[in-house]
Amino acid sequence: MVARKKHYRPAGKKKEGNAARFVTRSQAVKQLQVNLPLFRKLCILKGIFPREPKKKVKGNHHTYYHLKDVSFIQHDPLVQQMRDIRAYGKKVKKAEAKKNKDRAVILKQRRPTYKLDHVILQRYPTFIDALRDLDDCLTMVHLFACLPAIEDRIEVKRIQNCRRMSHEWQAFISRTHKLRKVFVSVKGIYYQAEVKGQLITWLTPHPLQQVLTEDIDFNIMLNFLEFYEALLAFVNCHLYRSINVKYPPILDPQLEAFAAELYALSRYFDASSRSSELDPQVSSLPGTGKVAESELRLAQLQHQLPSNEPGALMGLVENIPGEDEEDNDTMVCKGLFKDMKFFLNREVNRESLLFVIPAFGGIVSWKGDGAPFEEDDNSITHQIVDRPLQHELCEGRKYVQPQWVYDCVNAKKILPTRDYLVGRELPPHLSPFVDPKEEGYVPDYALKIEQWKAAEILPLPDVGKEDLEDPQDIADIEKAKEAAKNEKKLKALQEKYFEGLKEEIKGVPASSSISKTDNQISAKSTEDREESDPDYEQIARDNDERHLKLMTKKKRGLYEAMKKGKEQKQENVEVIKKRKRNLKASQKTRDG
């Protein structure tokens, strides 16, 4: 056989490996013929991120992109549209430089625009894919909804659009009772909802004055916001149509002026559901869409829904036409605050409670313009207060702090109000996103809530003897006692069974008809066996060491990291327990 010559490729010819698959950022910008800010914007809109090749051909100080990603951007129509907008901007600058104001105004009015519809369809082929990627989108939109407008940075229209879309999302979640968890932290308020089987978690800032610093790059954030606005608009439109509600909603301008957008959206839901129930055939006829829309707007403007009518208040308890069958969680959430009427004082977080309370079946009002009912309404059951009251208390009304609402939502139970009354020191606000059993430490208040859940009857402070004599309550108590007895019996049988197994292993005979001498002999033999038995703990330790030596370096590192993580978790638990002991000791000395 003739030996084949080694293939030689001269320098500058076709490349192979990482050099052919990856390009640096400067090479990608040169290939696309755009500037760096526009390249960053295109990467954000198309969802393309830098890569980390195993071998960095140009060095470690470069940012690398996959060549297919760059070609994916290059063939998108957005690139040409961005170039046209940039060229058009030069025309406007030229007209302004020549002091031709009329032409500059006309050019600004005819400025070309672009849409991101095809980008969203490319990135999210199905609606479930869009829901999975909605966490960051909602967090960003809620953040900009609370920011102040800044000249040459953030426009007022942008903030108003974010506020509108965030309220539309919250109104849908509240209307369909899809909210599952709420946690108030230092960063803000965390919410978790379940939509179409997908858990969506987002963070909203506290309603405080936001102070912006100079070191924030708003251009990058606004690029992300531009995509997130388009995505959330698509998601809201799909969700509203799934419950037979027109999108975008038409709101009462008077309620919008009073900054009661959530209440206006709830009235819109109620009006649209009533119109679909009264005349379901009108919406299906051709050419009647504009008529129905105008009639609905007239109904909103003329206040067709009376604000004092209990069925119209927040409109969140009635069934929604066209809604899917509700699961168990939705049914529990829908009836948590049923037949409860809340009133919010001025000092509490109004927007958060207006979102949470109706999501769990309650009716809510507030102190201010546009409220559905006033504070002197006798049907109010709970008043949310966060500072000492200056007026007399109303009989039959409970004055609680806002944390009671959030704790009831997370526990899915109506908790006793005695720990949440005005002026009381509040119990710890436990995070529903943390599993205490996995962490290794269960707080006392979590144990107390679990006990109340297991008993199925909460020890409410205002329960009298007549309530306790209810036959249904007595039956529930008897069931709980019987279950506890059965559990004790099972534990006793298990212990007895394990003791028998231990005796069999040690060599003790099971029958009781053996003589005392035989028992003494067997006892001596077991003592000899115990003396001659090896150390099982040492054997287990040796086995672990042997398995550890047989592991690969990577698996051994993972094992050590897991072991270190468990030890650190245990140390944190010990620190918490120590703090708890010190706190109890200080309380005892203070009381004594």
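**Note on the predicted model**

1. Glu194 touches Lys178, Arg180, Leu199 and Asp329, leaving aside residues up to four places away in sequence, where contact means heavy atoms within 4.5 Å. Glu194 belongs to strand E4, residues 189–195; helices (H or I, at least four residues) and strands (E, at least two) are DSSP runs numbered from the N terminus. Between the side chains of Glu194 and Arg180 there is a polar contact at 3.4 Å, and the C-alpha atoms of these residues, 14 residues apart along the chain, are separated by 6.9 Å. A polar contact is a pair of N or O atoms within 3.5 Å; within protein, one must be able to donate a hydrogen and the other to accept it, and residues adjacent in sequence count only if both atoms are side-chain atoms.

2. On the basis of the model: it is predicted, with local features needing pLDDT of at least 70 and side-chain atom pairs counting only at pLDDT 80 or more, while totals for chains, interfaces and linings use all residues. Residues are numbered from 1 along each chain as its sequence is written, and side-chain values use heavy atoms, with hydrogens and water left out.

3. The protein has 24 helices and nine strands, and of its 592 residues 34% count as buried, that is, under 20% relative accessible area with a 1.4 Å probe and protein chains only (exposed is over 50%, partly exposed in between). Among contacts with a separation of 6 or more, 64% are between residues 24 or more positions apart.

4. An open sheet is formed by four strands in the order E7-E6-E8-E9, with parallel pairing; two strands pair if DSSP finds at least two bridges between them. Strand E7 (363–366) and strand E9 (398–400) are the edge strands, each pairing on one side only. Strand E6 (residues 341–344) is joined to E7 by four bridges, and the partner of Phe342 in E7 is Val364.

5. Helix H16 (residues 350–359) packs on this sheet, touching E6, E7 and strand E8 (382–384), and its direction makes about 165 degrees with that of E7. For such angles, axes are lines fitted to C-alpha atoms, for helices over the stretch in contact, and the values run from 0 to 180 degrees between N-to-C directions.
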